[in-house]
Amino acid sequence: MNKWQNTLAASIVSPEQLTRRFKVDAEPLLRVARRYPMRITPYYLSLINEPGDPIWRQCVPDVRELEDDGQQDDPLSEELLSPVPGLIHRYPDRVVWLVSAGCAVYCRFCMRKRQVGCGGGTAGNAQIKSALDYIAERQEIRDVILSGGDPLLLDDDALEAILAGLRKIPHLEIIRIGSRVPVTLPERITARLCRMLKNYHPLYVNTHFNHPLEITAESATACARLADAGIPLGNQTVLLKGVNDDPAVMKRLMQMLLKIRVKPYYIHQMDLVKGTGHFRTKVEQGLGIMESLRGHTSGMASPYYVIDLEGGKGKVPLLPDYVRRGEGENIFLFRNYRGETIEYCDVD
Ligand SMILES: *Cc1c(COP(=O)(O)O)cnc(C)c1O
Ligand code: SF4
């Protein structure tokens with residue numbers, strides 16, 4: 001086993017293991033972990049300062065997960081939009097390919113809570129072939145997003161087999177990998193992995209930092225290695241109640257990401273997934289956060305705030321109302337970051 005696989009194997013997987021370090025009643029949490037698995041790597045565990053802090057909330061089971069029964073397991077209809085096992089084809093020119101059902105840490109707010117960590121395993125050879133065939137047969141697919149679970153939990157050879165298969169498809173332009181491993185298991189980003197990934201450019205990695213406490217010497221090194229391999233890095237944050245639903249926290253996170261060469265890409269409104277309701281925030285709050293970024297700090301630090309519509313209707317950006325129609329056909333009223341309204345006359 002590689003070093004990172006040993007570390008992963010040393011993760012804690014039961015709430016009882018928390019009681020060594022923290023004063024908590026593990027009993028009620030056991031029921032939650034039986035339904036929705038728990039895993040916390042030694043590194044991510046070391047980031048917890050105290051029960052209930054932003055790291056804790058993201059990874060420790062919470063009884064509210066079982067109480068939230070009004071929602072669906074798969075509100076985005078990912079399963080209906082799946083032409084072959086593991087592929088989600090919702091948009092015209094790009095597909096998501098779920099290549100792994102495992103993650104280093106099982107996030108309590110995960111949108112794929114229904115399947116992630118639930119023993120779905122990784123794609124077998126037959127499944128890989130049918131996904132590659134599907135993509136190869138469709139000229140319109142120019143972008144493949146490897147997701148899961150976490151694609152970087154595959155070992156280097158398994159991942160390389162997938163990348164090599166994709167690169168044999170001439171019409172495929174870009175490959176993206178969505179991975180939380182830089183945040184939760186940074187030692188996975190080895191020099192060897194980066195040397196391998198470099199051979200499959202143009203390749204993008206979108207990672208998933210949610211809180212400034214996650215930006216450490218270790219996660220910064222992981223991102224630096226990827227960036228040094230010529231991989232543009234983006235970040236997708238989920239807006240989480242009690243974790244990052246605060247303009248100052250979010251602004252600091254976006255600024256710190258830029259310092260480690262990660263470009264904020266999306267802030268996601270929580271999906272309406274069963275078991276995650278206690279993380280949901282109001283859209284107003286997200287809009288307020290966006291207002292606190294735009295103009296107040298580097299434009300580079302402003303991602304898109306998006307909501308993924310139910311039923312697989314797609315992602316829509318949510319924007320504060322910076323533009324209104326004025327009186328008269330060509331008149332616009334623009335509101336700037338200081339709240340001033342400026343009238344603008346458009347060309348005829
Ligand atoms: C989010 C998503 C994508 C990628 O969307 P981008 O806006 O291009 O990043 C593709 N397919 C599905 C099913 C998605 O949910
Ligand atoms: S890393 Fe991503 S896929 Fe895995 S549990 Fe967290 S949010 Fe879900």
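In this predicted model, an oxygen atom of ligand 1 comes to 2.7 Å from an N or O atom in the side chain of R94, a polar contact in the sense used here (a pair of N or O atoms within 3.5 Å; within protein, one must be able to donate a hydrogen and the other to accept it, and residues adjacent in sequence count only if both atoms are side-chain atoms). The side chain of Y266 has an N or O atom 2.5 Å from an oxygen atom of ligand 1, and for the side chain of R90 the figure is 3.1 Å. On its own, ligand 1 has 390 Å² of accessible area, and the protein covers 88% of that; such areas come from the Shrake-Rupley method with a 1.4 Å probe, and for residues only the protein chains shown count as cover.

Around ligand 1 sit I88, R90, Y91, R94, V96, I145, R176, Y265, Y266, D308 and K315, where being near takes a heavy atom within 4 Å. This shell has six nonpolar, no polar and five charged residues, with Ala, Val, Leu, Ile, Met, Phe, Trp, Tyr, Cys and Pro counted as nonpolar, Asp, Glu, Lys and Arg as charged, and the others, Gly among them, as polar. Strands β2 and β7 each bring at least two residues to the shell; helices (H or I, at least four residues) and strands (E, at least two) are DSSP runs, numbered from the N terminus.

As for ligand 2, the residues around it are C103, V105, Y106, C107, C110, V116, G149, R180 and H208. They split into six nonpolar, two polar and one charged.

A pocket is an open set of points on a 1 Å grid over the protein atoms alone, where a 1.4 Å probe fits, with protein on both sides within 12 Å along at least five of seven lines, and its lining residues have an atom within 4 Å of a point. The largest pocket holds about 1,100 Å³ of space, the volume being what probe spheres set on the points fill, with points joined across faces, edges and corners. Its lining runs to 45 residues, with M111, R112, S147, Q236 and H268 nearest the centre. By class, the lining comprises 22 nonpolar, 13 polar and ten charged residues. Among the strands, β3 gives the most, four residues.

Residues are numbered from 1 along each chain as its sequence is written, while chains are lettered from A and ligands numbered from 1 in the order in which they are written. In this predicted model, local features need pLDDT of at least 70 and side-chain atom pairs count only at pLDDT 80 or more, while totals for chains, interfaces and linings use all residues, and side-chain values use heavy atoms, with hydrogens and water left out.
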